[in-house]
Amino acid sequence: MKHPTPAERLAAYRPALPTRGSAIVLRLLIGALVAFKKVKFEYLFDKKQMRGRPVLLVADHAATDSYLYVLHGWRFSQPNVVIGYQNLFIPGLFRIFLKAGIIPKKLYEPDLSTAVSMLRLKKNGASFLLFPEGIQSMDGSTMPVNPATAGLIKHLGTDVVLCKSRGAYLADPRFDHGNRRGPVSFSYSILFEKEELDSLSEDELYTRLLSRFVYSDFAANEKEKLVYRSKHGNARGLEKILFLCPVCGRKYGIRTEKDRIICSCGNAVRVDETYSLIPEEGSALPFSRIDSWYAREREEVRRETSDPGFLLSWRADIYSLVTDRLSKNDCRRDGEGILTLDPEKLVYEGTRRGENVRLEFDLRRIPSMPFVSGTGNEFFYKGEYFRFVPKDPSPLPVYILMAEEELHNALDPVWRKFSEDVRGKV
């Protein structure tokens, strides 16, 4: 008898409350993973009153491993966790995830099954953990908050607890997953009490959520000057997100050496242990923070993509998610071809699984194409997962990400508003 594939199991899967055994196993695994990390937890409520109380726990996603700490610090109930579909296919953990009542969600895809599962489980007294941004921060500050979050809060009608991190991105930045040693903390506070939800509109819920949710690790540390140390230097990997020299205006000429960022024009900046940017003698920089540099790049990309004739083409390998079995390699290479991005669509022409194909993606359906460890871009389209990894010489994935986001926002003023609501605010 043929056993169902992991994808088939997920298709038939109906999330339930976490089993006691799965809860214990997950707690033990997470405890082992964070045992040697110096992380502080703060609770701005009476912990005795919170024990066993059903809540919706909303948390920022500043770092890749944020979810480990959020769960480790939350000991008052075992929540059903909403997690990205592509992150479930892990050998040794897949079955535990299902027994733990994990609720899959495909990134940026309209997926009513997620909300339906949560509303059904709420009747059984479930608690939930949700990351409203959907993905890890690109530059240490808030990503757009999914507009459906306020409506979900309203419909669930349960107490809402906010978990905010501090220093998580600085200790585990997206551009380099080699951890830095430095202070990280998580604070838990009541965001909404269930009794007040009926009297608040979705707009009011969204406004309060954002007022408490927005963050910027680099902006905060510009004031606090906390130290984060890496044996490789804090500049390592920054060339994955910093592609534009603010002095000469050249793209893709930046390289890093330990704690130095160097442009091919000769301009050089040092990144100290507080992540401050310090120009070397004879060099210049118009800002002192990495997120400010990142924001300057976005301004340039926005200017470029506002040209009706904007066109970007690059060679890339195409990958798909491995869902027919559990493998250490989460994706498989399916072919190679040419990608073309214009103001309305993304087109791939090349080979895929031994055939010549032409795939067209409407940008209205793709709010973002997050970069994966600085090497490629991923997204779901009509329920299917795609990853494209540029071949050299090609534009960096972070440039592709920004260009696609700006083009999408030009077509989707509602999402543009949600993007502007969080950018540049702390």
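**View A. Arginine 75 in the loop between helix H4 and strand S3.** In this predicted model, arginine 75 sits in the loop that joins helix H4 (66-73) to strand S3 (80-84). Its relative accessible area is 47%, so arginine 75 counts as partly exposed, the class between buried, under 20%, and exposed, over 50%.

**View B. Surroundings of arginine 75.** Leaving aside residues up to four places away in sequence, arginine 75 touches Arg27 and Arg51. A polar atom of the arginine 75 side chain lies 2.7 Å from the backbone oxygen of histidine 72. Lysine 47 is 28 residues from arginine 75 in sequence, and the C-alpha atoms of the two are 9.5 Å apart in space.

**View C. Packing of helix H11 against helix H12.** Helix H11 covers residues 290-305 and helix H12 covers residues 397-411. The two pack at an angle of about 55°, with their axes 9 Å apart. H11 is therefore oblique to H12. The crossing of H11 past H12 is right-handed.

**View D. Residues in the contact of H11 with H12.** On the H11 side, the contact is made by Tyr294, Glu297, Arg298, Val301, Arg302, Glu304 and Thr305. On the H12 side, they meet Val398, Tyr399, Leu401, Met402, Ala403, Glu405, Glu406 and Leu407. Of the residues in this contact, eight are nonpolar, one is polar and six are charged.

Note on methods. Residues numbered from 1 in each chain as written. Predicted model: local features only at pLDDT ≥ 70, side-chain atom pairs only at ≥ 80, totals over all residues. Heavy atoms only, no water. Axes fitted to C-alpha atoms, helices over the stretch in contact; angles between N-to-C directions. Helix = DSSP H or I, 4+ residues; strand = E, 2+ residues; numbered from the N terminus. Parallel < 35°, antiparallel > 145°, perpendicular 65-115°, else oblique. Left-handed = near helix turned anticlockwise from the far one by under 90°. Contact = heavy atoms within 4.5 Å. Nonpolar A, V, L, I, M, F, W, Y, C, P; charged D, E, K, R; others polar. Buried < 20%, exposed > 50% of the residue type's maximum accessible area, 1.4 Å probe, protein only. Polar contact = N/O pair within 3.5 Å; in protein donor to acceptor, adjacent residues only side chain to side chain.
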